[in-house]
Amino acid sequence: MVPASEPPVALATNGARPPGPVLDIKGLSINYLSESGDVRAVRDVDMELHPGKIVGLAGESGCGKSTLAYGAVRLLRPPAIVTGGSVTYHGRRLAAKHPGGFDVLASDDAGLKAIRWREVAIVFQSAMNALNPVLRIEDQIVDGIRAHLPISREQAYDRSRELIEMVGIKQDRLKAYPHELSGGMRQRVMIAMALSVDPEVVIMDEPTTGLDVIVQKEILKEVLELKEQLGFSVLFITHDLSLLLEIADQVVVMYAGQVVEQAPTADVRSGGVHPYTRGLLGSFPRLRGPRVQLTGIPGAPPDLRGALKGCPFHPRCAFAQDACLQIDMSLAQVPGMGAGHMTACPFVAPGRTLPEAARVIDRATGVEDRSVADAGDLVLAGVDLRKDYGGRRGHVVSAVKGVSLELHRGRVVALVGASGSGKSTIAKLLSGQEKRTSGTIMLDGKQIEPSARRNFRAYKSEVQMVFQDPFASLNPLKKVSYHLQRALAVHSSRTGREPSVAEIDRLLEQVKLNPVEKFRDAYPHELSGGQRQRVSIARALAAEPRVLLADEPVSMLDVSIRLEILDLIAELRTNSQLAILYITHDIASARYFADEILVMHQGEIVERGPAEELVKNPTQAYTQLLIASSPDPDTFASEVPEQAAILAREGLEKEVASE
Amino acid sequence: MPESSAPRFIRGLRRILVGYRRLPIKAKVGIAILSVYILVAIIGPWLAPYDPNATTTQAVPEGPTLHHLFGTSATGGDVLSQILIGTRATVILGLATGVIATTLSVLVGTAAGYLGGYADEALSLLANIFLVMPVLPLLVVILGYLPHTGEVPTAIVLSALGWAWGARVMRAQTMSLRNRDFVLAAREVGERPWRIIVFELMPNQIGLIAASFVGTVFYAILTSVALAFLGITNFSDWNYGDILYWAQSGSAVNLGAWWWYVFPGVTVAVLGMSLVLINFGLDELSNPRLRSSRATRKLGRRSWRPADPTPVVRNYVEGML
């Protein structure tokens, strides 16, 4: 035990660090054993994390970024095995004991226990699952501290109060249980726990995914400040490259288990050199500058079983050539760029432009027209919609407080708001999935009761909804053809289309699932997220509706394929003249393809206007805050306007007060 | 066409075999034991070496001998023959109760869970009433009153009193499924509620339905044995409970005739165990959490517990582990 005279937590440096990286990964390879062939998830990866720096690890889902990070501290369970390489940790506190650095891969369980949390801590993606629901957060923080430091309970409680203030939460919230905190606050608690015993490395695995952009921005700022203050290093894993551009010092882009480019953030911000990095950057709709047609990255990542010949990205690459199959994927310095800018593509040259130069689609160019003035016929309108939950006993929560909106033929209206703003509830009210508390729904100017049983099918043949989660919205036990066949059968009397194979194929072609034979008899689990979402859209189209309600249709998908789905929906607007309600938390994507934007906050529409207009000149503080908080590759650490910043702080206070 | 139907039959058989091989070991053992009972239920009467009702002039039960492997009753009835013949009635009763009670609980539970509102209130109330009924006294009263006409009336009464628990479980499961997106999506398509229940929800509850079925069979067999032991049974036919009843009324314990009650007792216990094993196995199938708790994996010569650090295998060649 430590004598009481010593400071409660040994935060002081005791030992000098050798120069060089704090975490040094060399040639790391990780396999997932499987009967149908091992999945080689991480292939010979080198990576360095330098003290006090933030390294961002980016890539699509399945690219191996999380496997790399968890494998490097040996947190993966069999069937995962490390098949080669070295991981060395150079900590100050361990410098005396391990002068050459701590060899993670050679260590046993006991050795690793001394490293984990004390030296390398982790902030998990889902704070709700990582926190124990039956313990007060105070006790969880204290348990964590006392598991690693020989200090008394009182000292640990002192430390927990210190920590919770440090991450911007008031001390009295320490007595709360996890479910009493908002998502953002839970994630702050996770960060406090990670920092509780002063680790030198913090692995952050998608720490802000699932949080609203405003909260995300606050937390990222917090992390940056704490890093300056305490001097730890961060390995930041995310699928959102634009987020890394705001906070990381260095960006590592992974594809198919390999590093394809690593560079100082500034170099990536200016475009990166590897075609994959460029593709990722080109997948983010921008909030500023001209509105351009984005390309995304067509295709899907390769199967990671077995060896890959040459560059794994070549089937999706705009610059692919025969020689791509011969390269060995080793990283090399990019000529003409700053030191440390490495890429695996030997054919890049700075300044090379994409073959299809970005197409500007603003009104001025005449490529695509969108304005409120030439709106088509009004199809569906909600007037003064209201939805209260609760009642009977207990208090009433109003999710939607008197919202009116109009959907016109051939136009996309975007409903933008944070989670809990009531935007999804509006979709459910308009689709008839839920009964509204009050208000009117008008179809073609006539009042209608969507959820009434006698109207339901007729209404469904006019208004269809596409769900957010493509993994949950298809029955896992049924084939694709079943889903489409049922939708065709239910509406065949109105559409005059038989539920035949030919009609199923026509629908599959309409959503570009080619070849149709392959998809017709597939089960949902055999499809990628993007393909499933296409099936969901095809199912909605089977009724030949005039209104499509799309509830966050791309938020669960990888950035590289979001655009394809959005473009598909945009095409339905143009070709089939559908009236579309696009619900999203991402105002940049709303700007990308909506005609009109409604901003929703706490059950009310706070601002509405033509998309371009609203994004350029937001008048309401909340809209300004939303726009300022959205990660944007073009502007580094964009400043939040003063008025909006006040609103953000008030929001945070309110969050604390209400819970 | 015989050419195409034969391969299809074989293919179906193969699929069943592959499915069986993937089952947890507990379920495999349980199914194997249960299969023996079902086989005996079918062919038992032909296997039985003696007439179970045969009486001799002897006045004491005879211990196991080569002629009477399980010994005899006090009146000289061969216990082995009684068991072999009694298996049929017991198994039929168990399966019939399982089918009827599970059907009832699935219908009531799924409808209550999916429809919600007043339908849920009414059906739940019904289930709750049946849950709090004292089942055994009621059975004694009802079956004692009914004429002894065989297994089917008993099965119906047992089902009527035993469906409620399964219905509660099905209701809970349905309520968790009904707000899943694919069910909402089926509503969005415009499907009728009954179609959603039968074609979207029920196939996703197969594991639970199977477990509920097995549990009900277990309950039915134990209850019927208990009833027969109390003398509430159809004495014109043999079942396990009858043997125990005669053993008890023939003072088998006082006479030291252990074979008279131990053999039928163990027979019932093993049947019950096989059903419990199957249920555990089904639980592991439907609840991955139970599986991961036993997920020690063998890698090479070592087995790894879930909390162990990631194994490092240098010079790894695919397939070597």
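This is a predicted model: local features need pLDDT of at least 70, side-chain atom pairs count only at pLDDT 80 or more; totals for chains, interfaces and linings use all residues.
Visitor: Why are S9(A) and S10(A) called paired strands?

Guide: Pairing needs at least two bridges found by DSSP. S9(A), residues 250-255, and S10(A) have six bridges between them, in the antiparallel sense. They therefore pair. Tyr255(A), for one, stands opposite Gln258(A) in S10(A).

Visitor: What lies between S9(A) and S10(A)?

Guide: Two residues, and the strands form a hairpin. Ala256(A) in the turn has a positive phi of about 50 degrees.

Visitor: How do you know that S10(A) and S13(A) pair?

Guide: Two bridges join S10(A) to S13(A), residues 342-343. The requirement is at least two, so the pair qualifies. These strands run antiparallel. Gln262(A) has Met342(A) in S13(A) as its bridge partner.

Visitor: What makes S10(A) a mostly covered strand?

Guide: A residue is buried if 20 or more other C-beta atoms lie within 10 Å of its own. In S10(A), residues 258-264, six of the seven residues are buried.

Visitor: What makes residues of chain A and chain B count as in contact?

Guide: Their C-beta atoms must lie within 7 Å. On that basis, 36 residues of chain A are in contact with 27 of chain B. Elements giving two or more residues to the chain A side include helix H2 (109-115) and helix H13 (480-495) of chain A. S4(A) gives the most, with five residues.

Visitor: Which classes make up that side of chain A?

Guide: It has 18 nonpolar, nine polar and nine charged residues.

Terms used
Residues are numbered from 1 along each chain as its sequence is written. Chains are lettered from A and ligands numbered from 1 in the order in which they are written. Two residues are in contact if their C-beta atoms, placed from the backbone, lie within 7 Å. Helices (H or I, at least four residues) and strands (E, at least two) are DSSP runs, numbered from the N terminus. Ala, Val, Leu, Ile, Met, Phe, Trp, Tyr, Cys and Pro count as nonpolar, Asp, Glu, Lys and Arg as charged, and the others, Gly among them, as polar. A residue is buried if 20 or more other C-beta atoms lie within 10 Å of its own, exposed if 12 or fewer, and partly exposed in between; C-beta atoms are placed from the backbone.
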